[in-house]
Amino acid sequence: MPTAKSILKLTGESLWLSLGQVAAMAASLVSVRMLTDRMTEESYGTLSLALTLVTLINQVVHGPLQNGAMRLFSSSVEQEQVGAFWVALRFLAALSSLLILLLALAVGYAISLPSAPSSILLLASAYAVLAGGAAVLSGLQSAARQRRVVALHQGAGAWVRLVLAVASLWLVGATADAALLGFCVGAALVLTSQVRQLVRCYSSLALPADRAVVRLWCRKVVKFSLPFVVWSAFLWGQQSSDRWALELFRSTSEVGRYAVISQLGYYPFSIFAGMLFQLVAPILFQRAADAASSERVHSSIRLNSFIVGGVLMLTILAYFVFAFFHEEILILFAGERFRDYSYLLPWQVVAGGLFAAGQTLAINQMTLLESSRLLYPRIVTSSLGIALNFYLGWSLGVDGVVIANLIYSCLFLGWMFFLPVEAKSHRSSIVSSRR
């Protein structure tokens, strides 16, 4: 039974994370109006396409490291090897960021022709490295349950990036390059603040660590994170192919219109799913520890089942709100010129909510230290999603990619629901709370 003290602590953590995510969500919604008012549909579409590169780098490189930091931190605490774990994580993050920048410079030099968007590539890569480094630090601080630090940087950071992007559009020009420049400066400021806060709160991490132990933690992090690297490339393809399909078969202006619909309908649930992950995952991982105790693992999975049910209920509620007020919401946040697409908002909300529920269910496999189980369903469903995006984008345009998102989210949630929820080492002793 949870004590009054633990309930009070969890309530405080929830409030801080909620404040941070609400601030970030508000910045995301406001950014639609502020950026679309200053940019043409074509330049906004170009920015949206450039941000798919940022998403690729973060999902394939920094996302897996962030998950490794969150899942293995509790084990390093129990083994009294936090210092070595931090050194290992810092080394892996620095190495991957360096490789990204070198690759971006090489590719940027290779395409440095007057007609080639090499500046977009370099700015997007720089923004991905800065934002990805901040995400890894957020994962570590979330695992340590430093909720206030995470919430402040996520909430304030979103507004800092938005303000600087708007300022850059005003000073440099209404182009995608200018917006990305503002994002880069904002991300650099946030990352600098996070590093300073981490050093201040964890000064003991500066103590020397045994190299053999550091190498051991490097191997552990890589082993746990490697499946994420593989399927994240497919997941990125599913989440970005909708825009590229519209760019290929329709126009950049259509990409801009669809980006507005997604940012207002789909992405609020993505942000909500991120908040749930930051709040719930460290608690579940702490309960399960190294997944050796069937009783501790069962407790974590049962708690997560209630959370998934809550996400689905919230999705239903959000659908009805957007079904009745979709036109008013779109006009408020994007303006009159996008109102013809407002009928798609409720369905983007449903797609985002179902995907968020599936993401929350996937935490069960991470709790069990069975992240490799997610490899096959992630690859298969993402591959189907890519095919649907291109086919339906070609045949139906914006309507088609919204339908594709909805089908993909249903498939992903269904597969996550039927995955086994017991560790291989004690499969017979843990019974799913769903049965």
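The largest nonpolar core holds 107 residues. L35, L47, L140, L180, V260, L264 and L330 have the most contacts inside this core. Helix α11 gives the core its largest share, 12 residues. A nonpolar core here is a set of buried Ala, Val, Leu, Ile, Met, Phe, Trp, Tyr and Cys residues joined through side-chain atoms within 4.5 Å. The model is predicted: local features need pLDDT of at least 70, side-chain atom pairs count only at pLDDT 80 or more, and totals for chains, interfaces and linings use all residues. Residues are numbered from 1 along each chain as its sequence is written, and side-chain values use heavy atoms, with hydrogens and water left out.

- L330 touches V260, I261, L264, G335, F338, R339, Y341, S342 and L345, not counting residues up to four places away in sequence. Contact means heavy atoms within 4.5 Å.
- Helix α11 covers residues 345-367. Helices are DSSP runs (H or I, at least four residues), numbered from the N terminus.
- Of the 23 residues of α11, 21 are buried, so the helix is largely enclosed by the rest of the structure. Buried means under 20% relative accessible area, exposed over 50%, and partly exposed in between (1.4 Å probe, protein chains only).
- The expected span is 1.5 Å times one less than the number of residues.

**V129 in helix α4**

- V129 lies in α4, residues 118-143. Its relative accessibility is 11%, so V129 counts as buried.
- Leaving out residues up to four places away in sequence, V129 touches H62, S97, I100 and L101.
- N58 is 71 residues from V129 in sequence, yet the two are 7.8 Å apart in space, C-alpha to C-alpha.

**T381 in helix α12**

- T381 sits in α12, residues 375-396. At 2% relative accessibility, T381 is classed as buried.
- A polar atom of the T381 side chain lies 3.4 Å from the backbone oxygen of R378.
- Beyond its neighbours within four places in sequence, T381 contacts Y408, L411, F412 and W415.

**Cysteines**

- The disulfide count is zero. The rule asks for a pair of cysteine sulfur atoms within 2.5 Å.
- C184 has 8% relative accessibility and therefore counts as buried.
- C410 has 42% relative accessibility and therefore counts as partly exposed.

How values were computed:
Helices (H or I, at least four residues) and strands (E, at least two) are DSSP runs, numbered from the N terminus. A polar contact is a pair of N or O atoms within 3.5 Å; within protein, one must be able to donate a hydrogen and the other to accept it, and residues adjacent in sequence count only if both atoms are side-chain atoms.
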